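Please open the model in your viewer and keep the sequence panel at hand.

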Amino acid sequence: MSVRTGLVSITFRQLGVDDVLGVMGRAGLTAVEWGGDVHVPVGDVAAAELTAAASADHGVQVVAYGSYYRAGDHDPVEFDDVLRSAVALGAPRIRVWAGTLGSAGATAEHRGRVAADLRRIAGLAGREGVEIAVEHHPNTLTDTLESALDLYAAAGHPALRPYWQPRRGQHPDDALREATALLPGLVTVHVFTWTADGDRLPLADGAALWTPVLGTLAGRDDAERYALLEFVRGDDPEALVRDAVTLREWLGS
C-alpha cells in the first residue's frame, strides 16, 4: 500500500476548519491530523462531530487526533476528554507526547511513570478501537531513537505506535537509520524541511533527507502509512500547495 499524503492541521492555526479543508483540496491532500488545540478543542464533542462531517464532505480521511496530552505529566483524567474527542472525530489514533523531560535529564522514576501512563491510555484507547501514537520530539523521552525504543519496550502495549519527524539539522543518514528502526510500527511521518536554526524552507530543499525515508516507508510492507505536511514556509497556504507537489513527486503519486 502506498504512503498517503496529508496535512497536520495545526500548520494553519489561523484558519478555520472549512478553510483548512479548502486548502487541502487545492493541494490534493486527502488525509488529515486534526489538532486538539484550535480546530477540535479537547472535550468539545460537538466540534469533533462537525469536523468529522466536514472532512467526509471534502473527501478527506481523518487519520489522527493531534492531542497535547503529556503522558506521565498530565492529570490522568484529562485523557478521558481526549479520547471522547477522538472517538467523536472518528480518528483511528491519538497523538500524544512522551512526558515533559528530555531523555538526558529524565530519572528512572520519570521514565517509569511515562511508560506506565502510555500503557494505561493505550489500554483505554484500544477498547474504543483507537491507537496511541507518540510524537518524536525534543525535550521528551523520544528525543533519541534509543530512548524511544526503550520507552516503547517498557510500555509494552500493542496499541502503541511511533510517529517520526526529523530533528533540526539532522543528517540524512541518521534520519534514515531512525525511521527504518521504527518500522514496522511506524505509522506516520510529519514532513517539513528546516535549517539547523529552525528556519523553514521549501520542502524540496530537503530531498536528500526525505527521499530515502519515504522510500523505505513505501517499500517496506503493505501497511497503511501517512506522510503529513507540517510547518510550511511563512504559514502560507500557497507554500503548502507547492510542497504537496514536491511530496507527491517523491512518492510517485
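Helices (H or I, at least four residues) and strands (E, at least two) are DSSP runs, numbered from the N terminus. This is a predicted model, in which local features need pLDDT of at least 70 and side-chain atom pairs count only at pLDDT 80 or more, while totals for chains, interfaces and linings use all residues. Residues are numbered from 1 along each chain as its sequence is written, and side-chain values use heavy atoms, with hydrogens and water left out.

**Whole chain.** Buried residues (under 20% relative accessible area, with exposed meaning over 50% and partly exposed in between; 1.4 Å probe, protein chains only) make up 51% of the 253 residues.

**Helix 2.** Select residues 45–57, which form helix 2. This helix has 13 residues and reaches 18 Å from its first C-alpha to its last, close to the 18 Å expected at 1.5 Å a residue (the expected span being 1.5 Å times one less than the number of residues). Colour Ala47, Ala48, Thr51, Ala54 and Ser55, which are buried. Seen down the axis of helix 2, the buried residues fall within an arc of 130° (taken from the directions from the helix axis to the C-beta atoms), so they line one face of the helix. They pack against helix 1 (17–27), strand 2 (31–35), strand 3 (61–70) and helix 3 (78–89). On the other side of helix 2, Leu50, Ala56 and Asp57 are exposed. Just after helix 2, select glycine 59, which takes a positive phi of about 70°.

**Alanine 48.** Which residues are in contact with alanine 48, leaving aside its neighbours within four places in sequence? They are Val40, Ser85, Ala88 and Leu89, where contact means heavy atoms within 4.5 Å. Alanine 48 counts as buried because its relative accessibility is 0%. To move on, go to glycine 99: its C-alpha atom is separated from that of alanine 48 by 25 Å.

**Threonine 140.** Glycine 99 is one of the residues that threonine 140 touches, and Arg70, Trp97 and Glu135 are also among them. Threonine 140 is placed in the loop between strand 5 (131–134) and helix 5 (145–155). With a relative accessibility of 0%, threonine 140 counts as buried. A polar atom of the threonine 140 side chain lies 2.8 Å from the backbone oxygen of histidine 137. Finally, show the side chain of threonine 142, with which the threonine 140 side chain makes a polar contact at 2.9 Å (a pair of N or O atoms within 3.5 Å; within protein, one must be able to donate a hydrogen and the other to accept it, and residues adjacent in sequence count only if both atoms are side-chain atoms).
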